[in-house]
Amino acid sequence: MKTIEFKIYSENDLRILIDNAVAHRPSFNNLYGIDLNGVECARVNNSICVRKKFDSFNRIYLVAETQSELKEIIYSLEVNDTINIPSKTDIGAWDTTLISHNYRKIASYSRYVYREFPIREVPVSDFAMPDDLERIYYRLYEIFSPVTGHLPNQIELARLIENKNILVNRDAEGAVNGALCFTATGKKGDLPFWYDDNEDMKGLYLLYNAFSIFKNANIKFVYLWINDDNRKTRKIHKLLGVVPDGLIDNIYCNKNFKL
Amino acid sequence: MILEEFIKSFVDQFDETDPSEITAETVFHDLDEWDSLIALAVLNMTEKNFGKKITFDEMKKCKTVEDLFNVIERKQA
């Protein structure tokens, strides 16, 4: 098999390539709603492969017309190329192809939705301040894997702090020891990340504070992703009324890639 | 509501703790398994099983299982 060649295309040319690949009724497609800024793209006949670079790994998005073209692309990928496959249906064909090409499934995340918010009287949480950025950033990357976690980079985190999208708990010295990120667009809210290093119930205060903010902003639905192995977090959210919406993000990486 | 009934419901919120470890006098914050998840489960249990909503602050001020029972009892009175 020959190696595929990645190139940077103009936004317009990239859009044409994607539209063409999608028009050929691809059997495999995981290119949904990604920011195309700065990505590279490779073509194999009517199939395309989009590569988005991160610090230590790349995310790969494929629109493949046939399984043989999918195989050709996967065969050419680099060790640090990871693949997310979000789907509400069986991904058996993807899984078989990836596993037979030296890939392994490293995690799956299920998407959940709140349609009603539990409101409870709790102490009001602080918003993160610019000085909290480094502490939150390093703790986030300690707790979660950037490969599976879709974590914000420092610039994105600074913007979230500036926009008052992060609630925090602090220790006696004022240092952040718990943070919850929430965002809202229109009637829809998201809970991108939540961690808490306290041993008592303070972490829950962050969540209840976010629910109050969502309710006051007239948000109707709030979405979040939970690692299927994270039993505790799933149980907390289920006690609070969250339900799965059926979408599961399956994450694969090369067997030789060190997480 | 009787204390024994409440203790049984309280014990049911734990997965790993030996039920014999939990009595009316147990300082529940000191239990190894006690954490925010169990706290939330207990709050939900008091609402669901006994129809009474208590706050985190009220729970935090309680030391023993019986203290918690008494808080809920007072709400019922």
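**Charged pairs, one by one**

Reader: Is Arg51(A) buried or exposed?
Author: In this predicted model, Arg51(A) has a relative accessible area of 8%. Buried means under 20%, so with its 8% Arg51(A) counts as buried.

Reader: Which side chain makes a polar contact with the side chain of Arg51(A)?
Author: Start with who is around: leaving aside neighbours within four places in sequence, Arg51(A) is in contact with several residues, including Phe6(A), Val39(A), Glu40(A) and Glu78(A). The polar contact of its side chain, at 3.3 Å, is with the side chain of Glu78(A).

Reader: How many salt bridges are there over all chains?
Author: Here's the background: side chains of opposite charge can pair when their charged atoms come close. For a salt bridge, the cut-off is a side-chain nitrogen of Lys or Arg within 4 Å of a carboxyl oxygen of Asp or Glu. By this rule, the count over all chains comes to 15.

Reader: How far apart are the closest N and O atoms of Arg231(A) and Asp15(B)?
Author: This pair crosses between chains, with Arg231(A) in helix α8 of chain A and Asp15(B) in the loop between α1 and α2 of chain B. Arg231(A) is partly exposed at 44% relative accessibility, and Asp15(B) is partly exposed at 45%. The two form a salt bridge, and their closest N and O atoms are apart by 2.4 Å.

Reader: Which residue does Lys235(A) form a salt bridge with?
Author: Lys235(A) is partly exposed, with a relative accessible area of 28%. Its salt bridge has closest N and O atoms 3.2 Å apart, and the partner is Asp15(B). Lys235(A) lies in helix α8 of chain A and its partner in a loop of chain B, so the pair joins two chains, and the partner's name is Asp15(B).

Reader: What about Lys8(B): which residue is its salt-bridge partner?
Author: Lys8(B) has a relative accessible area of 56%, so Lys8(B) is exposed. The closest N and O atoms of its salt bridge are 3.8 Å apart, and the partner is Asp12(B).

Reader: Which residues do salt bridges that share partners join into one network?
Author: Back to chain A, where we began with the buried Arg51(A). Salt bridges that share partners make one network out of Glu40(A), Arg51(A) and Glu78(A).

Note on methods:
Residues numbered from 1 in each chain as written. Chains lettered and ligands numbered in written order. Predicted model: local features only at pLDDT ≥ 70, side-chain atom pairs only at ≥ 80, totals over all residues. Heavy atoms only, no water. Buried < 20%, exposed > 50% of the residue type's maximum accessible area, 1.4 Å probe, protein only. Polar contact = N/O pair within 3.5 Å; in protein donor to acceptor, adjacent residues only side chain to side chain. Contact = heavy atoms within 4.5 Å. Helix = DSSP H or I, 4+ residues; strand = E, 2+ residues; numbered from the N terminus.
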